[in-house]
Amino acid sequence: MSGSTGWGIKEGFDEIADWDLHIILDNISYEHYKKKYGEHHVIDDQQHQPKVFAQIRSISWLDIRLQNIQNADCTYLWIYNNALLIQDNLHIEEKIDEWNSFFKNNIEEILKYHFVTFAVRRLDAVSAIKRNTVIGTNISKIEMIKEALIIISLLHQSPYPYNKWMEKYVLQLGEDGEKCVELCKRCIFEINFESNARVLKNFLVAEIKKQVGNLPWLDEWWKYNENPPVVYIR
């Protein structure tokens with residue numbers, strides 16, 4: 001069981017919440033299923049209380065999504081770390097354990113990727129503001145803020161959720177999470193974006209230095225910007 005109900009986010013467990021189910025089949029069984037029902041068939045039961053939305057996928061589908069961590073995308077690892085496994089005939093838990101080990105072995109490189117991306121998006125937003133491009137400004141702001149929240153999650157040795165729950169999750173991580181969310185909101189709502197974004201950057205640099213030391217990509221991040229940054233995994 002995935003979704004907010006599966007990992008116990010309070011705001012997601014209410015009268016309008018549904019149950020998100022991932023039904024993972026072995027590849028042969030999935031091919032038979034796909035021939036009978038089609039690749040895009042889902043179970044959408046609006047009569048059940050709570051409502052149920054189930055996606056049927058293959059084990060290869062899951063493997064591909066977990067492998068996204070090799071490109072610094074940890075979302076599916078977070079989803080399956082926090083999902084409730086009802087049955088596990090395909091040894092999914094073992095896969096998750098393996099990818100958690102991979103994550104921990106490469107967390108510094110993943111952190112570097114997201115910090116460099118944060119720094120690039122911060123300058124993009126400043127540049128867009130100076131050119132009065134409203135849409136470009138807001139896209140860059142939000143992408144920068146997302147990276148800031150991801151960085152705090154990584155500093156807690158954790159993958160991160162998808163956008164909907166990012167703020168709620170980071171707030172649960174402690175004082176640094178609360179501070180990060182506060183600074184991100186300033187960047188969204190207050191007028192002086194450039195000053196607030198600089199404060200946010202300095203905060204993140206200080207938090208990273210406390211955790212992993214003074215690494216070269218913190219002060220000279222532009223040298224590591226390969227547009228987009230590249231993850232050199234081990």
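**Exercise 1.** Determine which handedness the crossing of α7 and α8 has, and state which residues make the contact.

*Solution.* Begin with the crossing of α7 and α8, which is left-handed, a term used if the near helix is turned anticlockwise from the far one by less than a right angle. Next, the contact (heavy atoms within 4.5 Å) is made by K146, L149, I150, I152 and S153 of α7 together with N163, M166, E167, Y169 and V170 of α8. This is a predicted model, in which local features need pLDDT of at least 70, side-chain atom pairs count only at pLDDT 80 or more, and totals for chains, interfaces and linings use all residues. Residues are numbered from 1 along each chain as its sequence is written, and side-chain values use heavy atoms, with hydrogens and water left out.

**Exercise 2.** Work out how the axes of α7 and α8 are oriented to each other.

*Solution.* First, the axes of α7 (residues 134-155) and α8 (residues 163-171) come within 10 Å and cross at roughly 50°. Angles under 35 degrees count as roughly parallel, over 145 as roughly antiparallel, 65 to 115 as roughly perpendicular and the rest as oblique; α7 and α8 are therefore oblique to each other.

**Exercise 3.** Decide whether H48 counts as buried, partly exposed or exposed, and locate it in the chain.

*Solution.* H48 lies in the loop between β2 (42-45) and β3 (51-58). Buried means under 20% relative accessible area, exposed over 50%, and partly exposed in between (1.4 Å probe, protein chains only), so H48, at 32% relative accessibility, counts as partly exposed.

Technical notes
Axes fitted to C-alpha atoms, helices over the stretch in contact; angles between N-to-C directions. Helix = DSSP H or I, 4+ residues; strand = E, 2+ residues; numbered from the N terminus.
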